[in-house]
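Hi there,

Here is the structure I promised to pass on to you. Have a look at it first, and then read on for what turned up.

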Amino acid sequence: MSKKDYYEILGVSKGASEGEIKKAYRKKAIEFHPDKNPGDKAAEEKFKEAAEAYEILSDADKRAKYDQFGHAAFDGAGGFGGGHHMNMDDIFSQFGDIFGSAFGGGFGGFGGGGGAPRRAKGSNLRIKVKLTLEEIAHGVEKKIKVKRKVQAQGVTYKTCPTCNGSGQVVKVTNTILGRMQTASPCPSCGGLGQAIDKKPANADAHGMITEEDTVSIKIPAGVVDGMQLKVSGKGNDAPGNGIAGDLIVAIEEIEHPTLKREGENLHFDLYISYPEAVLGASKEIDTVSGKVRIKIEEGIQSGKILRLKGKGIPSLNSYGSGDMLVHINVWTPKSLSKEQKKFFEDNLEDNNFAPKPEKSDKSFFEKVKDMFS
């Protein structure tokens with residue numbers, strides 16, 4: 001079943017401003033909020049659709065990708081991007097600011113001051129994943145073992161005796177303006193409204209234990225060193241009925257032995273002998289898709305750059321791939337046999353060996369300028 005268009009879900013045009021999108025989302029959220037439509041599964045689904053649409057269209061980068069590729073822009077990227085179908089925990093944790101201003105606390109627990117206990121979110125976990133250039137070029141799925149805090153079996157909770165489950169304590173003070181009432185998160189339960197009742201001996205004070213979990217991470221092609229991806233819900237659990245934190249995946253690129261990356265382009269230094277430069281040759285070189293054979297034309301000059309279109313790294317944000325630039329380096333021997341040396345001495349004055357650069361032969365500085373233009 002194909003997904004609905006995000007603009008259609010919010011009822012806005014593709015040229016809608018950020019403010020118009022936010023206003024449209026608030027309207028939809030209020031209309032289909034679960035507290036206004038108890039037990040209505042259809043309304044709940046529309047509420048989730050609106051939140052998912054807002055998550056994409058409110059982010060300039062995600063919106064640009066969606067405008068260009070549609071829903072396909074976020075397929076197969078695990079927690080990266082917003083192609084997943086959101087659940088209630090995602091919505092209430094990510095868009096609390098929207099609900100707070102839209103509902104004014106009118107809907108208990110999900111607004112900004114409704115008086116109901118908040119839902120805690122577990123802490124995030126961070127890991128580093130090392131990728132080869134080949135894995136970056138093609139995308140890869142990694143199975144990573146992480147140690148997460150999860151709720152122990154047999155843990156039970158009771159209503160917090162300090163706040164009676166409200167998650168807040170109210171303090172009344174006398175001022176010159178009269179009696180002032182202020183509410184603050186309960187110091188005993190941290191605003192959860194729950195306290196530990198029973199827990200096994202191996203659990204910590206919050207009823208949590210540490211377990212090793214295997215997490216599958218789909219990494220899209222074209223990521224760069226230092227980039228961070230998010231896998232929702234794979235961080236530490238939260239006590240009680242809280243929601244799990246996220247797993248933040250930092251990308252580290254392993255240096256390739258022969259290829260050098262420059263954005264989406266790759267560079268390769270090819271060294272050839274003087275006879276190969278004079279007579280031409282067929283050479284095998286490395287690429288991220290394996291070895292390929294290229295033809296070296298006779299009379300090639302040292303410093304010439306051969307461009308292999310599309311043999312670079314795929315673009316993460318747009319269609320297509322970079323190129324591979326093969327830099328030709330003619331290797332000059334440091335020592336010669338008597339016969340070899342005599343050959344060059346006999347031809348030292350031969351006009352055919354004299355340099356004759358043509359207008360099409362660019363200087364080193366022109367080549368550098370072309371590379372960065």
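Helix α2 passes helix α3 in a left-handed crossing (the near helix is turned anticlockwise from the far one by less than a right angle). Before going further: this is a predicted model, where local features need pLDDT of at least 70 and side-chain atom pairs count only at pLDDT 80 or more, while totals for chains, interfaces and linings use all residues. Residues are numbered from 1 along each chain as its sequence is written, and side-chain values use heavy atoms, without hydrogens and water.

The axes of α2 (residues 18–32) and α3 (residues 41–57) come within 9 Å and cross at roughly 165 degrees. Axes here are lines fitted to C-alpha atoms over the stretch in contact, with angles from 0 to 180 degrees between N-to-C directions. That angle makes α2 roughly antiparallel to α3 (over 145 degrees). Residues in contact (heavy atoms within 4.5 Å) include I21, Y25 and F32 of α2 and F47, Y54 and L57 of α3.

Next, the sheet. Three strands form an open, mixed sheet in the order β1-β9-β8; strands pair if DSSP finds at least two bridges between them. β1 (125–131) and β8 (228–231) each have a single partner strand, so one side of each lacks a neighbour in the sheet. Seven bridges join β1 to β9 (residues 247–253), and the two run parallel. K130 stands opposite E252 in β9.

V249 also has contacts beyond its neighbours within four places in sequence, among them I127, V129 and I217.

Enjoy exploring!

Note on methods: Helix = DSSP H or I, 4+ residues; strand = E, 2+ residues; numbered from the N terminus. Parallel < 35°, antiparallel > 145°, perpendicular 65-115°, else oblique.
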